[in-house]
Amino acid sequence: MSTLEASTVTTVGTVMVLYLFVLIFIGWRASRRTHGGEDFHLAGRSLGPWAAGISSTASSESGWVTLGAVGMTYTYGISGLWFAPGCLLGYLVNIYYVAPRLRALSAKNGSVTLTDVICRRWGDPRHVLRLTATAIILLCMMIYVASQMTAAGKAFSSSLGLDADGPGYLYGVLIGAAVITLVTVLGGFRAVAWTDLFQGLLVAVALIALPLWVIAKIGGFGALFSGLGAADPNFLTATGGRMGPALWGFVVGNLGIGLGYPGMPHVVTRYMATSSDRDVQRLQIIAMMWGVVVFYGSGLVGLVGRVSLSTLADGERALMALALEFTHPVVAGLLLAAVISAVLSTVSSQLLVAASAVSYDVVEQAFGKARDDKRSLVLGRVTVAVVGLLGVLIALRGESMVFWFVLFAWSGLGASFAPLTLLALGDTWVNRYGALACMLTGAGVTVVWKLGIKVMTDPTTVSPLFFDRLWWMVIVVAAVILMLGRVTEAFEVGHSAAVLAATAFTLAGWFLVQRWGFFNLYELVPAFAFATAAALGVSALFPVEEAVD
Amino acid sequence: MNQAHLSLGGHLLLWVFPLVLTIFVVGDTVRDWRRGRL
């Protein structure tokens, strides 16, 4: 049963349905311009600055920006805003350093996916890099997609005032997943970019208009700060009352979020799809300003929610609660559509990346099938549909598992690919062995460090005994990878050295957390540093003999 | 209602940082435009 009035539910529901139809319409329009494989995977490298700029940023900010980030300032006050400089510094690196160089590199060597960029940059004769990258991307993206579908289900059901665990959740997951999968199947990359543009603008307008409207209603910024100070004087400081290691862990961890951006395949492929260098210059201001508006908007929503609705059980629901409390049902419908937009714009991009990883990187490149452009398009479409369906099944079946694994997704992708993307764009001595070491180290250190944080802060979720014995599981996994490489005759000596280096770094990470208690630090920071060191070290010790173009 | 004020760090975090960033981004765009790269 809904807790809202029937007329409100009808109005909000109608706006939602209209919003979903707009998405399908955009997908249909994009499908009429999608004729082949490169169209489907990269929009034929024809994106303009608005679509590329907003799509890159809207894809990177999932439901987290309208739910989790809002919850940060609701819970911690002004000090909860530290994520904003962290993310925006990541944007700066991505947009001003990565975007122009990655566009030039991918256009020069004709690469279609981030994996493709890495493999062509360093040469990958036996597909070791391609298959490793695909495995990491696929695992992270599937989990990510499933968790976002779960978030969509929750946002749908709570928007209509329905029970979060009831049939409203089921319908939310099914409707959200069906619409966004259909749009992606139809129009591929172009549909994803166009719907991202529409949804990204909706999110930005919602996140800046709603808090300003409510601040005006409660009596201006003076009243906002007075209200925050009355709730807790620490809400008005940048430290939030934290001291010593807890403070530094909090600040470095929040700033460290930004390290992940250059490694997100669903974000950086936007830069590769941009039509010209000029458009890259133009997208810079668009994407940066979107980031400033959205991050500070969501921070303000949390602060305003704290002052005007101080009794919420869950601060992450502040945006939805404020919308229903302070605006007309039609506006509330649009604001709630924005919450779901933030989720769906990420899902579509991730669906496409997962599908490209299978259909382009594995089937077309590694196995050498479907060279024909029409067949490549059909293959891309079928893979999107299958990945979408799997995402729904995981979202409906293993909700708790999804939330567990999604913790690894951002850091895992960030640590495995962000150093590699940055190294690929610079002029370093890194080679294909270093690249393998970088990916494996990033993934390995992320997993052990994250598990360590869980053990130290919440021993009920991971048993300390399991963590104590983790070191030999790391060794078993490494041995299996080495045997696979040997049996398939894919590994050269440098590849084996890369696996050994990654094992050593992963064990070092485990040791730092287990013995020295380094669990105040967000896992992406050490994983990023170790992965970079592994790439540089292995490449220096094991140079590749033959020249690579 | 009691008057409450942001701390210095609060000011930096809430509006000084985004303002400086915005000035940088707009300045860079104007520079690109004047050089004919936009």
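This is a predicted model: local features need pLDDT of at least 70, side-chain atom pairs count only at pLDDT 80 or more; totals for chains, interfaces and linings use all residues.
Residues are numbered from 1 along each chain as its sequence is written, while chains are lettered from A and ligands numbered from 1 in the order in which they are written.

**The two chains**

Let's start with chain A, which holds 21 helices and zero strands. Helices (H or I, at least four residues) and strands (E, at least two) are DSSP runs, numbered from the N terminus. Chain B has one helix and zero strands. Here is how the chains look in numbers; a residue is buried if 20 or more other C-beta atoms lie within 10 Å of its own, exposed if 12 or fewer, and partly exposed in between, with C-beta atoms placed from the backbone.

| Chain | Residues | Buried | C-alpha extent along principal axes |
|---|---|---|---|
| Chain A | 549 residues | 59% | about 70 × 60 × 45 Å |
| Chain B | 38 residues | 18% | roughly 55 × 15 × 10 Å |

How do they meet? Two residues are in contact if their C-beta atoms, placed from the backbone, lie within 7 Å. On that basis, 23 residues of chain B are in contact with 23 residues of chain A. The side of chain B that touches chain A has 12 nonpolar, eight polar and three charged residues. For those classes, Ala, Val, Leu, Ile, Met, Phe, Trp, Tyr, Cys and Pro count as nonpolar, Asp, Glu, Lys and Arg as charged, and the others, Gly among them, as polar.

**Inside chain A**

Take the contacts in chain A between residues at least 6 apart in sequence: 83% of them join residues at least 24 apart. Chain A is also divided into domain 1 (6-399) and domain 2 (428-549), with bounds that come from an automatic or database domain assignment. The C-alpha centres of these two domains of chain A lie 28 Å apart. Their contact takes 18 residues from domain 1 of chain A and 16 residues from domain 2 of chain A.

Which helices supply at least two residues each of the domain 1 side? They are helix H6 (114-122), helix H7 (128-159) and helix H10 (244-256) of chain A. H10(A) gives the most to that side, with six residues. By class, the side of domain 1 of chain A that touches domain 2 of chain A has 10 nonpolar, six polar and two charged residues.

**Residues to look up**

A:Ala43 is not a glycine, yet it has a positive phi of about 50 degrees. You'll find A:Ala43 in the loop between helix H2 (37-42) and helix H3 (49-60) of chain A. Is A:Ala43 buried or exposed? A:Ala43 is buried, because 29 other C-beta atoms lie within 10 Å.

A:His127 has a positive phi too, of about 60 degrees, and is not a glycine. A:His127 sits in the loop between H6 and H7 of chain A. With 17 C-beta neighbours inside 10 Å, A:His127 counts as partly exposed.

Finally, look at A:Trp213 in helix H8 (residues 167-218) of chain A. A:Trp213 has 15 other C-beta atoms within 10 Å, so it is partly exposed. The C-alpha atoms of A:Trp213 and A:Phe326 are separated by 8.5 Å, although these residues are 113 residues apart along the chain.
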